[in-house]
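Subject: Structure handover

Dear colleague,

Please find below the structure that I am passing on to you. My notes on it come after the display.

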Amino acid sequence: MIYVGGIAREHSSAFFPAGAERPRPARAMGARTTATVEEALREAAAILGREPRVIVVPALSQPAFHLTSGSSSTA
C-alpha cells in the first residue's frame, strides 16, 4: 500500500482502493476507499466529470513482506 499508494497519490487526482478489508491505512494516505469497484468508478466520474482512467494492480496488492514495529527476540 505504501509504495503503490504513494505512486497513485502523486500521479492522479484521487485514488480509490475498492473493497479494502482494513481501509484506515489507505485513508491515512489520502485514498478514498469504497466498498466496490463500481462505487469507486461512480465517485471518480463525479469528481472528473467524465469516465475515469483505471489501473488495476492485483499482483501488487499482496505484500511480499510485512513490516513490524517494536523489538522481537530471536533467541
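The notes below go from the overall fold to single residues.

This is a predicted model, in which local features need pLDDT of at least 70 and side-chain atom pairs count only at pLDDT 80 or more, while totals for chains, interfaces and linings use all residues. Residues are numbered from 1 along each chain as its sequence is written, and side-chain values use heavy atoms, with hydrogens and water left out.

Overall composition

The protein has 3 helices and 0 strands, and its elements run α-α-α from the N terminus on. Helices (H or I, at least four residues) and strands (E, at least two) are DSSP runs, numbered from the N terminus. Of the 75 residues, 17% are buried; buried means under 20% relative accessible area, exposed over 50%, and partly exposed in between (1.4 Å probe, protein chains only). Accessible areas come from the Shrake-Rupley method with a 1.4 Å probe, and for residues only the protein chains shown count as cover. Among contacts (heavy atoms within 4.5 Å) between residues at least 6 apart in sequence, 24% join residues at least 24 apart.

Helix H3 and what follows

The 12 residues of H3 should span 16 Å at 1.5 Å a residue, and this agrees with its end C-alpha atoms, which are 16 Å apart. The expected span is 1.5 Å times one less than the number of residues in the helix. After H3 comes Gly-49, with a positive phi near 80 degrees.

Val-54 is located in the segment after helix H3 (37-48), and Val-54 is exposed because its relative accessible area is 56%. Together with Val-37, Leu-41 and Val-56, Val-54 makes a nonpolar surface patch of about 370 Å². Patches are made of residues with over 30% relative accessible area and no salt bridge, where like charges are joined within 9 Å and nonpolar side chains (Val, Leu, Ile, Met, Phe, Trp, Tyr) within 5 Å. A salt bridge is a side-chain nitrogen of Lys or Arg within 4 Å of a carboxyl oxygen of Asp or Glu.

Ile-55 is also in the segment after H3, and with a relative accessibility of 72% Ile-55 counts as exposed. Between Ile-55 and Phe-15, 40 residues apart in sequence, the C-alpha to C-alpha separation is 9.8 Å.

The loop between H2 and H3

Thr-34 belongs to the loop between helix H2 (23-28) and H3, and Thr-34 is buried because its relative accessible area is 5%. A polar atom of the Thr-34 side chain lies 3.0 Å from the backbone oxygen of Thr-36. Apart from neighbours within four places in sequence, Thr-34 is in contact with Phe-16, Pro-17, Ala-18, Gly-19, Ala-20, Glu-39, Ala-40 and Glu-43.

Thr-33 lies in the loop between H2 and H3 and, at 17% relative accessibility, counts as buried. Its side chain makes a polar contact with the side chain of Arg-27 at 2.8 Å. A polar contact is a pair of N or O atoms within 3.5 Å; within protein, one must be able to donate a hydrogen and the other to accept it, and residues adjacent in sequence count only if both atoms are side-chain atoms. Beyond neighbours within four places in sequence, the contacts of Thr-33 are with Pro-17, Pro-23, Ala-26 and Arg-27.

Arg-32 is placed in the loop between H2 and H3 and is partly exposed, with a relative accessible area of 41%. Arg-32 and Pro-17 are 15 residues apart in sequence and 6.9 Å apart from C-alpha to C-alpha. Leaving aside neighbours within four places in sequence, the contacts of Arg-32 include Phe-15, Pro-17 and Ile-47.

The loop between H1 and H2

Glu-21 sits in the loop between helix H1 (2-10) and H2, where, at 81% relative accessibility, Glu-21 counts as exposed.

Kind regards
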